[in-house]
Amino acid sequence: MSTAPFADEVAAELRPHLPPGTSPAAAAGLGRFCELLRSANEHLNLTRITDARGMALLHVVDALTVLPLLRDAHTLADLGSGGGVPGLPLALVRPDLRVTLLESRGRKAAALGGIVRELGLAGRVAVAPVRGEAWLAENKMEVVVARAVGRAPAVLELLSPVRKGFRRLILMKGPTVDAELAELN
């Protein structure tokens, strides 16, 4: 077993997978984010993935897969943010991106607020402890990203009334995507 701090273990797992040009500070921040998430998870169910390799690959690297879709974006809302994925990893790698973490569960939102403060992101990452569709009815965003918040048809129906509140929607889906898309037809 390694004696390196957890954040260093995560950073080592991440190193070969980070986008070119990722700053050392961003890489360290990603490791620290995973460390803070794991710590908060001890008191609150934020993630089932708690090992360094799993957090690096299944949370951070997965979150960063949407970076090419954000090239021209400056604002992002993370719908149903849960443990802050993908919003916080994206904010750490894209310091020009303003992120709002939308998490309606008060305890989870409070935990996210603590993580944001610990990472020094309070100036450009906000936590809104409200339902995403209610927040989007009052606020405009360039991009809304949703990961692990529900089936595609349900998310699209939920966001349909507030569609003018954002320019692009990114649904991060897993192996059930084909069945979910078939439901839309």
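Which helices and which strand each supply at least two residues of the lining of the largest pocket? They are helix H3 (52-64), H6, H7 and S5; helices (H or I, at least four residues) and strands (E, at least two) are DSSP runs, numbered from the N terminus. The model is predicted: local features need pLDDT of at least 70, side-chain atom pairs count only at pLDDT 80 or more, and totals for chains, interfaces and linings use all residues. Residues are numbered from 1 along each chain as its sequence is written, and side-chain values use heavy atoms, with hydrogens and water left out.

**Largest pocket**

- The largest pocket holds about 960 Å³ of space, a volume being the space filled by probe spheres set on grid points that are joined across faces, edges and corners.
- Its lining has 39 residues, of which Gly80, Arg147, Ala148, Val149 and Gly150 are the closest to the centre.
- A pocket is an open set of points on a 1 Å grid over the protein atoms alone, where a 1.4 Å probe fits, with protein on both sides within 12 Å along at least five of seven lines; lining residues have an atom within 4 Å of a point.
- The lining divides into 16 nonpolar, 13 polar and ten charged residues, where Ala, Val, Leu, Ile, Met, Phe, Trp, Tyr, Cys and Pro count as nonpolar, Asp, Glu, Lys and Arg as charged, and the others, Gly among them, as polar.

**Helix H7**

- In H7 (residues 152-159) the buried residues are Ala152, Pro153, Val155 and Leu159; buried means under 20% relative accessible area, exposed over 50%, and partly exposed in between (1.4 Å probe, protein chains only).
- These residues lie on the same side of H7, because they cover an arc of only 165° around the axis, taken from the directions from the helix axis to the C-beta atoms.
- Strand S1 (75-79), helix H6 (132-138), strand S5 (166-172) and helix H8 (177-183) are among what covers them, with contact meaning heavy atoms within 4.5 Å.

**Salt bridges**

- The count is twelve salt bridges, each a side-chain nitrogen of Lys or Arg within 4 Å of a carboxyl oxygen of Asp or Glu.
- Glu118 and Arg32 form one of them (3.1 Å, N to O).
- Glu118 lies in helix H5 (residues 106-118) and Arg32 in helix H2 (residues 24-41), so this pair ties together parts 86 residues apart in sequence.
- Glu118 is exposed at 51% relative accessibility, whereas Arg32 is partly exposed at 29%.
- Lys173 and Glu180 also meet in a salt bridge (3.0 Å, N to O); Lys173 is partly exposed at 30% and Glu180 is buried at 3%.
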